[in-house]
Amino acid sequence: MKIQLIFFILLFWVTVLPAKKKYPEYGSLDLRRECREGNGRCKNQCHENEIRIAYCIRPGTHCCLQQ
């Protein structure tokens with residue numbers, strides 16, 4: 001069991017940590033801010049006169065734009 005734990009930590013250290021250093025822009029996108037900059041609002045449901053274009057922070061909230 002200890003060998004598996006050491007192997008997992010080593011695998012994480014070799015793969016994930018260098019990727020985070022090499023590509024810091026991935027995984028750090030604030031979709032809520034991107035929605036506001038695009039003149040949208042994060043809501044649970046969009047009205048009939050709004051267009052849903054993406055998810056905000058969690059999958060239950062949508063970025064709604066006025067038509």
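Modeller: We can start with Glu50, which sits in strand 2. The model is predicted: local features need pLDDT of at least 70, side-chain atom pairs count only at pLDDT 80 or more, and totals for chains, interfaces and linings use all residues. Residues are numbered from 1 along each chain as its sequence is written, and side-chain values use heavy atoms, with hydrogens and water left out.

Biologist: What makes a stretch a strand or a helix?

Modeller: Both are DSSP runs numbered from the N terminus: a helix is H or I over at least four residues, and a strand is E over at least two. By that rule the chain has 2 helices and 3 strands, and from the N terminus they follow the order α-α-β-β-β.

Biologist: Why is Glu50 called buried?

Modeller: Buried means under 20% relative accessible area, exposed means over 50%, and partly exposed lies in between (1.4 Å probe, protein chains only). Glu50 has 8% relative accessibility, so it counts as buried.

Biologist: And why does Lys43 count as buried?

Modeller: Lys43 has 18% relative accessibility and therefore counts as buried. Lys43 lies in strand 1, which covers residues 40–43. In the chain of 67 residues, 13% are buried.

Biologist: Which residues is Glu50 in contact with, neighbours within four places in sequence aside?

Modeller: Contact means heavy atoms within 4.5 Å. With those neighbours set aside, Glu50 is in contact with Lys43, Cys64, Leu65 and Gln66.

Biologist: What makes strands count as paired?

Modeller: Two strands pair if DSSP finds at least two bridges between them. Strand 1 and strand 3 have 4 bridges, in the antiparallel sense. Strand 2 and strand 3 (residues 62–66) have 5, also antiparallel.

Biologist: What do the 3 strands form, and in what order?

Modeller: They form an open antiparallel sheet in the order 1-3-2. Strand 1 and strand 2 (50–55) are the edge strands, as each pairs on one side only. Strand 2 and strand 3 also form a hairpin, with 6 residues between them.

Biologist: Which residues stand opposite one another in strand 3 and its partners?

Modeller: Cys63 in strand 3 is the bridge partner of Ala54, and Cys42 stands opposite Cys63 as well. Tyr55 has His62 as its bridge partner.

Biologist: Why is Gln45 called exposed?

Modeller: Gln45 is exposed because its relative accessibility is 65%. Gln45 belongs to the loop between strand 1 and strand 2. Its C-alpha atom is 8.6 Å from that of Gly60, 15 residues away along the chain.

Biologist: Is Asn39 buried or exposed?

Modeller: Asn39 has a relative accessible area of 70% and is therefore exposed. Asn39 is in the loop between helix 2 (31–37) and strand 1.

Biologist: What is the phi of Asn39?

Modeller: Asn39 has a positive phi of about 65 degrees, although it is not a glycine. Most residues other than glycine have a negative phi.

Biologist: Which residues does UniProt list for the Beta-defensin domain?

Modeller: An unreviewed UniProt entry lists residues 34–64 for "domain: Beta-defensin". Such annotations may be inferred rather than shown by experiment. In this model the span is 13% helix and 42% strand, and its end C-alpha atoms lie 12 Å apart.
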